[in-house]
Amino acid sequence: MNRTFLRRIAAPSVAALALGLAVSACGAGNETASTSSSTNDLSGKLDGAGSSAQESAMDAWRAGFQKENSGVTVNYDPSGSGAGVEKFNAGGVDFAGSDSPLDAEKGELDAAKKRCGGDAIEVPNYVSPIAVVFNVEGVDELQLSPKTMAAIFDGKITSWDDAAIKAENPDAKLPSTTIAPVHRSDESGTTKNFTDYLEKAGGGAWTHPADKVWPIKSGEGANQTSGMISAVKGGKGTVGYADLSQVGDLSAASIKVGEKWVEPSAEGASKAVEASPLEEGRPANDMAVEIDRTTTTEGAYPLMLTSYLIACPTYDEAKAEVVKGFLTYVVSDQGQKDAAENAGSAPIPASFAEKAQKIVDSISAK
Amino acid sequence: MSIIEAKAGPPKRRLGDLVFANLTRAAGMVILLALAGVAIFLTIEGIPAFAAGPGDLSGAANFAAYVWPLVFGTLLAAVLALAIALPLAIGVALTVSHYAPRRLATLIGYMVDLLAAVPSVIYGLWGGLFLGPHLVPLYEWLAEHLSWIPFFAGPASTTGRTILTASIVLAIMVLPIITAISREIFAQTPRLNEEAALALGATRWEMIRLSVFPYARSGIVSAAMLGLGRALGETMAVAMVLSASGVITLNLISSTNPSTIAANIALTFADATGLQVNALIASGLVLFVITFVVNFAARWIVSRSEVQV
């Protein structure tokens with residue numbers, strides 16, 4: 001074997017072989033290994049898009065559903081509620097996840113009706129408490145009423161040892177550090193629900209309308225929940241708001257509900273949803289919830305986020321069965337339990353789940 | 001033997017020459033086509049945004065009002081970064097080419113090149129999680145003692161994620177580019193000129209000022225422009241370090257900072273729909289034009305004052 005042979009033939013062919021093996025290994029890794037027996041004979045592909053708040057819960061639902069129905073592939077693109085609803089209305093995806101119900105003013109209800117050939121169905125499938133996290137030296141527990149919270153985040157209360165905070169926390173040793181409120185710099189359903197809570201429960205202390213974008217142009221901004229948590233952790237005297245499941249070891253404040261102080265919890269969020277009425281003037285199969293931020297129900301934690309699944313009432317024969325099967329799983333006890341384990345969300349209350357199930361059952365073939 | 005007269009005609013070209021010439025021409029064309037393609041895409045997708053209203057522009061009245069704070073932030077961060085990095089880079093390049101002993105110089109060269117190998121996301125993480133909090137005492141000192149200067153006015157940020165921190169991170173990212181090019185340029189100075197200056201009794205620094213800098217001026221400007229281009233377009237590092245509020249302010253140490261065009265696109269693109277996407281692409285077009293203009297201006301300035309060597 002001389003050098004020319006090696007250089008011209010042997011080496012390149014070995015390299016090509018190695019490359020081919022490496023590339024085929026890449027491809028093989030993408031196949032889902034389904035060794036479990038499937039109990040149903042559903043098959044097909046489902047595409048969804050929307051809320052990124054639902055992402056970890058959606059991962060749990062997809063995994064659970066695909067395990068039971070190995071012939072089905074469910075895809076979900078957490079591109080944001082707005083993008084998801086737009087794709088759904090354009091017919092690009094089969095279902096959408098959204099942190100806020102379809103907006104009649106923005107024409108989303110009509111667009112969905114046009115896409116589906118009938119009123120779209122909308123069911124709440126994800127409830128998550130929002131915790132007010134803080135990082136103040138020497139303070140482990142904090143109690144804040146919505147009015148004080150609104151004043152803090154509006155920049156009206158600037159120091160941790162302010163009289164208003166002291167009045168609500170007589171036992172805490174509050175330092176004189178400056179308060180640094182942290183908000184989300186990206187469009188977020190968490191921001192929308194937090195500002196909605198401050199507006200409705202703040203008793204006039206919060207004058208900005210609820211919005212996905214933080215309305216005040218000053219203060220520390222952080223990107224995504226992970227950015228919010230690291231900003232609060234990394235600063236001194238910082239206070240922010242984030243999904244309870246992502247809080248880690250940061251302390252969360254208790255909020256005033258009625259006359260009592262309630263700690264953030266999944267059960268509390270669930271109770272708050274239960275105590276809230278459905279929105280008026282919506283189509284029959286649309287369960288948009290008008291969250292009652294001023295509820296005084298025992299143990300309720302009204303600072304939470306409700307996310308919805310939007311689907312059509314009718315689909316083509318094969319697709320209708322798969323959509324119905326998936327949505328049934330999502331709102332079922334088992335599905336909600338899987339999501340609670342994986343994403344730390346609160347299971348939707350039984351009364352809501354029952355109504356949602358009835359609506360999902362009405363999905364039929366065209 | 002009779003003298004053979006050479007036929008007067010075009011020089012004989014071998015096939016290899018032809019192929020090579022055309023390949024290089026094609027390579028040049030590809031670059032121009034790619035640039036043109038990007039410019040055309042940006043223009044076509046960005047035009048609808050010029051007619052967009054407040055609903056799609058995060059509350060700004062029109063596109064100009066939307067993009068102006070971003071342009072301000074981009075230019076501020078880039079200018080600060082260049083102001084920090086350029087003197088440092090020239091100093092390092094001079095050290096490597098003229099001052100340091102051979103072995104130390106090679107080592108320094110390797111270290112600086114290593115800086116260029118670090119991914120920008122890592123710089124972003126380091127800036128946001130390490131540098132920011134460690135700069136807070138400095139910001140507090142500045143706010144306490146120098147708050148009469150508009151740059152250091154406001155209440156100091158408690159997390160340190162300000163535009164000054166972002167500029168420092170950008171400066172570190174831009175340093176290896178400017179240093180590498182400057183180093184090569186300085187090494188190319190004709191030895192004769194240097195030795196002539198030294199022979200006339202110039203000190204080392206005077207020699208550099210007299211014979212290296214005039215020769216290297218054009219090269220330093222191109223190095224600075226490359227660095228500026230990177231600073232203008234740097235996305236992830238700024239997005240992760242900056243706590244952006246989209247306001248125009250000269251206050252470098254508070255929590256309220258202007259955002260940059262690239263960071264704004266990175267942060268808001270995922271949630272953008274419809275005309276918002278067009279607005280983001282149009283802001284990208286504005287950045288493209290700014291980089292072009294800055295480059296042309298720099299080249300023109302250099303060509304005006306070129307030293308004929």
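Let me begin with chain B, which is divided into domain 1, covering residues 13–51, and domain 2, covering residues 68–308. Please keep in mind throughout that we are looking at a predicted model. The C-alpha centres of these two domains of chain B lie 29 Å apart, and where the domains meet, eight residues of domain 1 are in contact with eight residues of domain 2. If we look at the domain 1 side of that meeting place in chain B, its residues divide into five nonpolar, two polar and one charged.

Now let us turn to the place where the two chains touch. The contact takes 23 residues from chain B and 25 residues from chain A. Which elements of chain B give two or more residues to the side that touches chain A? They are helix 4, residues 120–145, and helix 9, residues 261–268, and of the elements in chain B it is helix 4 that gives the most, with three residues. Sorted by class, this side of chain B has eight nonpolar, 13 polar and two charged residues.

Next, the interior. As a general point, in soluble globular proteins nonpolar side chains tend to be buried together. In this model the largest nonpolar core has 97 residues, and those with the most contacts inside it are Val123(A), Ile130(A), Val132(A), Ile310(A), Ala311(A), Val323(A) and Phe326(A). The largest share of this core, nine residues, comes from strand 4 of chain A, which runs over residues 121–135. Apart from that core lies another, of 75 residues, including Leu80(B), Tyr139(B), Val169(B) and Ile181(B). To take one residue by itself, Val132(A) touches Leu144(A), Met149(A), Val239(A), Tyr241(A), Ala252(A) and Ala253(A), if we leave out residues up to four places away in sequence.

I would also like to walk you through a sheet in chain A, an open one of three strands in the order 5-10-11, with mixed pairing. Its edge strands are strand 5 and strand 11 of chain A, each of which pairs on one side only. Strand 5, residues 143–144, pairs with strand 10 in the parallel sense over two bridges, and here Gln143(A) has Ser254(A) in strand 10 as its bridge partner. On the other hand, strand 10 and strand 11, residues 260–262, pair in the antiparallel sense over three bridges, with Val257(A) standing opposite Lys260(A). These two strands of chain A form a hairpin with two residues between them, and in the turn Gly258(A) has a positive phi of about 70°.

Finally, a word on confidence. The mean pLDDT of chain A is 85, and 94% of its residues reach 70 or more. Over residues 28–38 of chain A, however, the pLDDT is below 50, and this stretch has six contacts in the model beyond near neighbours in sequence.

Key
Residues numbered from 1 in each chain as written. Chains lettered and ligands numbered in written order. Predicted model: local features only at pLDDT ≥ 70, side-chain atom pairs only at ≥ 80, totals over all residues. Core = buried A, V, L, I, M, F, W, Y, C linked by C-beta atoms within 7 Å. Buried ≥ 20, exposed ≤ 12 C-beta atoms within 10 Å, placed from the backbone. Helix = DSSP H or I, 4+ residues; strand = E, 2+ residues; numbered from the N terminus. Contact = placed C-beta atoms within 7 Å. Pairing = 2+ DSSP bridges. Nonpolar A, V, L, I, M, F, W, Y, C, P; charged D, E, K, R; others polar. Domains from an automatic or database assignment. pLDDT = per-residue confidence, 0-100.
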